[in-house]
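Hi,

Here is the structure I promised to pass on. Have a look at it first, and my notes follow below.

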Amino acid sequence: MSFEHLGYGWREANLDIGGKGWGVFAYSSGWPKEYGTEVNRLGELPRLVAAEGCLVFVRAHGNGRVLGRSTPERASRQGSFFLHLVDLSPVGQVDGAIFELISAGYPFSSPDEFSDPLPTQNARPIELQLSRSTTGTGRGETDGSTTLVLASHLAYADGVFDTITYRGRSVDELADLISSALRLIPEPLQNVSNIRAWTPSGGSPADAFVSLSRQSDPSDDTSASALVLDADVGGGMRCRADNLPDTYLARAGEIIEYARIDGLQIPRCGSVGQLFDFLDVRRLYNVEPARLTDDEVRKLVSVEGEAGQWLSSRSAIDRAVMLGLTDGRVAQTVRSHSRVSDRADLVELVSAAIYDRLDDASQAVPRLEAFGVPWSEFSTWMTTRLQLELLNGRGDGAWLQYFAGDLIESLDPGRHGAEDAIRVLAREVDDFAVRVRKSANRPLQHLVAAKALIGEMGPAGDDLVDAALDKAAPIEIAAFVRHAEASGAGPEALATVFKKTSPRFGAVSAEAVTTACGVLMDEGWDPHAVLATLVASGLTTEEIRVVLATTWPQVAERIGLHRTIRDLTTPRLSALGPGYEKNSKRSPEGRGRRGGVTPARAERPASAREGRDVAERRGPLARMAEYFGFGGQHGQLGPTPDQDQALPRRRRGDKGTPGSVGGWAEHRGQG
């Protein structure tokens, strides 16, 4: 860094008057023209001399500032002095750099320090590399002196003192100490209004003073001193502080400790208060986020340049998000930091905080806007979260009521825990049955309607059952029957299902019943329950025969009837009358497809009723024969004459054979 400079004093030859006398005798070519190179343009600067000894000062001149040193020069002429001025334009308002210049020996204390022959208009500029770092002291090690100097300057910069004065061995030594201390803090805090340093002539070895003051023309009065550095004959330095608050001593110690951490820099602070906030933030870094107070969190996220570092941890973000629910400024601050806004789980963090802390969806809207989370993403997260809780038998009533529509449409009744989910929804959502009835989720509608069939859904359940069965396909009816049976519905309740399956809710569809029974058997139902449901369905005897024509072989096999008995007791579609076999989807023409037959409905003839009476008098086997339709007109117990010849005779004492009637019990379950 280059500094322009100028020399003034009493000389045999100078530049402004051309001969012997007081005048400017040297300056560098870049010396600002507005400062002037003649004595009459230097203003008061040549008159700033100490009564005795040397004087170092900083003064405004023109549109800039100059650093000057006035030194007695008795060798040339009695009462003469040498004034050296240095332009401070390169350092701007960074007063810490001024002390670096002083500690480096500038301005000159003698004309002999010019390297060019005098007088000269082309003196070489001063070249000096100044340190702008705030991560080290520049002295290798800090000591108590550095701490006290730094503390006193913090108090001065904070307005506690208008003037502070340091006393030590020499001006240069004091300047080096002050420069080392000021280099630890941001440049804006290094500034002082006026600097005055002096060494009285004939004083003790420790009679050098440096004064920082807000006064336009500071004096040599040291009564306002905040810190005194006393010289020690042994070469050390004893320090004592006068009227210096402990707060600034503690803060100075924190700053020095911070400066010893490699790679860390104090951010640019415009005030002592901002610097202290930064120190507080650094201290709070070591505190578990969950233990921080709300004010401490606000401070952490408000310090420029530091919030992003603190928010790099998940626990810190969780804590900030929690506070952001009640403090919109914190929410916006959290949102603005890239470490947070770029995280894929920001939606989860904010949504989870809202779910845990709020119970009103209307309160969530402004919070989501503050964090920049769209409602659609929040709704998706909430639906997923509530579904998981429902499937485990839990759920918050207020949120369930609000998101009931989405939950009903998306809930899969086939998932494990669906029964628990329905139970919680029915308890927490006021109009649950109505919502299910209006939903497009037919599988869920069937499951809930099955529970309504046994009275679990209250008065609205009847409408729900009607809606679930209205226009239901046979396979849907079968699923409905399965849900109803699993919910505890008896044959009478299941019969109600069959009676509600036709468009007119009156006549029972034999095709639907046949399909339902087949599906139930395929899914492993108890065959006795299937038969009980069939009998209670309201079908006529003729229609029951039609259903059994398809269903009985599977029922008989599950019961354990021997194959021969099963074949003998299976009705044939051809025996039911014209039109049945060709319409049957389980007939040879349509085997493998689930369905049934629809018989031509006709009034039951009187002879049929009479035949049933005869069968009832003959016992339960006769009634079974009537249902199964083998034998004579109304069912003949036993095989036909042809079949009778085909069966082997059982002799008394025979244990039976697989083909014999006596062997049925022993071989039950074979086939």
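Which residues touch the most other members of the largest nonpolar core? They are W310, I354, W399, F432 and F480, in a core of 90 residues. By nonpolar core I mean a set of buried Ala, Val, Leu, Ile, Met, Phe, Trp, Tyr and Cys residues joined through side-chain atoms within 4.5 Å, with buried meaning under 20% relative accessible area (1.4 Å probe, protein chains only). Helix α11 (residues 346–357) gives the most to this core, with eight residues. Another core lies apart from it and has 63 residues, including I102 and L279.

Before you go further: this is a predicted model, where local features need pLDDT of at least 70 and side-chain atom pairs count only at pLDDT 80 or more, while totals for chains, interfaces and linings use all residues. Numbering starts from 1 along each chain as its sequence is written, and side-chain values use heavy atoms, with hydrogens and water left out.

Overall, the protein has 671 residues, and 47% of them count as buried. It holds 29 helices and 13 strands (DSSP runs, H or I of at least four residues for helices and E of at least two for strands, numbered from the N terminus).

One helix pair is worth a look too. α5 (residues 272–284) and α6 (residues 294–302) pack at about 110°, with axes 9 Å apart (axes are lines fitted to C-alpha atoms over the stretch in contact, and angles run from 0 to 180 degrees between N-to-C directions). The two are therefore roughly perpendicular, a label for 65 to 115 degrees.

Cheers

Definitions and conventions:
Parallel < 35°, antiparallel > 145°, perpendicular 65-115°, else oblique. Buried < 20%, exposed > 50% of the residue type's maximum accessible area, 1.4 Å probe, protein only.
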